[in-house]
Amino acid sequence: MLVSILLEEHYRLNGRLGRLATEKDDTFRLSTDSSTYLVKVSPPDEAEAVVALQTAAMRYLETTASHLPVQRVKLTTGGDDHVTIRLNDRRTRVLRVFDFVEGQVLADANPDAERLAKAGEMLGLIDVALRPFTHPADRRGLAWDIQHFHQLTELVEHTPNPEHRQLARSIFRLFDENIVPRLSDLETQVIHGDFSPYNIVVDPKSDHFVTGVIDFGDTVRSAVIFDPAVPMANLLGRTPDHPWRDACAFAAGYQRERPIQDSELPLLPVAALARLTLRVLITNWRAERAPERREYLLGHAKDDWLNIERSLTVSLGDVVAHLREVRPGHS
């Protein structure tokens with residue numbers, strides 16, 4: 001197998017290679033006699049510069065904020081952080097090796113408010129550390145980047161349920177009214193971009209709680225508020241009677257380390273709703289293109305519409321008031 005040959009040749013690594021299910025990359029777990037690694041081979045349609053951006057952000061954090069538990073990139077025996085694979089059709093793929101981060105992901109941990117706040121603190125620390133970071137590819141186009149949400153209205157047509165289409169249009173209206181006029185003046189920097197509960201490794205017995213941060217695949221330069229909006233979107237509706245409770249707990253922790261500008265705080269709930277809507281719209285679009293996976297994909301998204309609906313039963317003004325109350329320094 002080519003991957004095994006490249007690992008031996010460039011990293012002097014050999015062992016048991018097992019494929020892992022992932023969305024884009026070809027990903028493997030490599031178990032050697034002494035350690036475990038994560039091996040990723042980028043998809044052929046992902047530009048080398050974009051892969052380089054992801055790696056550079058991780059290496060930057062390793063150098064400037066080594067205390068943060070960000071997944072480490074292993075260098076080749078020649079001191080490179082990747083191996084380029086040239087395909088017969090002249091396209092390229094990039095092989096990288098990372099330390100394997102063992103542990104439970106946040107999605108499986110059922111965290112309380114204080115632990116969610118600790119997860120928020122970790123993203124805040126990462127964003128503080130990334131603030132000066134730049135890269136030639138950091139302004140890449142990315143459908144998942146919330147700043148493009150208003151340009152994706154055509155995705156609504158791939159949603160079969162008319163009530164869901166109506167819900168989606170209401171979120172587009174909220175976004176158009178509140179965020180689009182502000183897009184050009186929002187504070188921006190390079191952000192993680194996908195701090196989802198599946199990319200946060202935790203240990204409930206540890207005081208730090210968060211023991212690993214993985215997957216910088218959506219790293220991009222965007223509005224700062226869009227970074228906490230991603231995990232907030234994933235937390236919406238988790239407690240049906242108080243649909244914003246967990247999302248606000250995360251945001252409270254985030255603001256302990258990376259306070260959000262007062263003028264931008266009211267946009268945070270709208271950004272979270274936009275991200276959750278984007279996720280379910282993209283899922284519907286994918287289900288249409290891959291009918292053999294339709295049931296599986298839609299099954300995973302069924303709660304998203306319900307969580308959007310639940311979240312809209314609460315006044316966004318009340319959500320913003322709560323976010324202000326729990327921010328540091330509020331009296």
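Here are a few notes on one helix pair and some aromatic rings in this predicted model.

1. Ground rules: local features need pLDDT of at least 70 and side-chain atom pairs count only at pLDDT 80 or more, while totals for chains, interfaces and linings use all residues. Residues are numbered from 1 along each chain as its sequence is written, and side-chain values use heavy atoms, with hydrogens and water left out.

2. Have a look at H4 (residues 162-178) against H7 (residues 268-289): they pack at about 140°, with axes 10 Å apart. Helices here are DSSP runs (H or I, at least four residues), numbered from the N terminus. Axes are lines fitted to C-alpha atoms over the stretch in contact, and angles run from 0 to 180 degrees between N-to-C directions. The two helices are therefore oblique (under 35 degrees is roughly parallel, over 145 roughly antiparallel, 65 to 115 roughly perpendicular, the rest oblique).

3. Who touches whom? On the H4 side, Ala-168, Ile-171, Phe-172, Leu-174, Phe-175 and Asn-178 meet Val-270, Leu-273, Ala-274, Thr-277 and Leu-281 of H7 (contact means heavy atoms within 4.5 Å).

4. Phe-172 also pairs with Phe-149, stacked at 4.2 Å centre to centre and 5° between planes. Rings of Phe, Tyr and Trp (its six-membered ring) pair with centres within 6.5 Å; planes under 30 degrees apart are stacked, over 60 edge-to-face, the rest tilted. Phe-149 sits in the loop between H3 and H4, so the pair ties together parts 23 residues apart in sequence. Ring pairs join Phe-149, Phe-172 and Phe-175 into a cluster.

5. Buried or exposed? Phe-149 is buried at 0% relative accessibility, and Phe-172 is buried at 5% (buried is under 20% relative accessible area, exposed over 50%, partly exposed in between, with a 1.4 Å probe and protein chains only).
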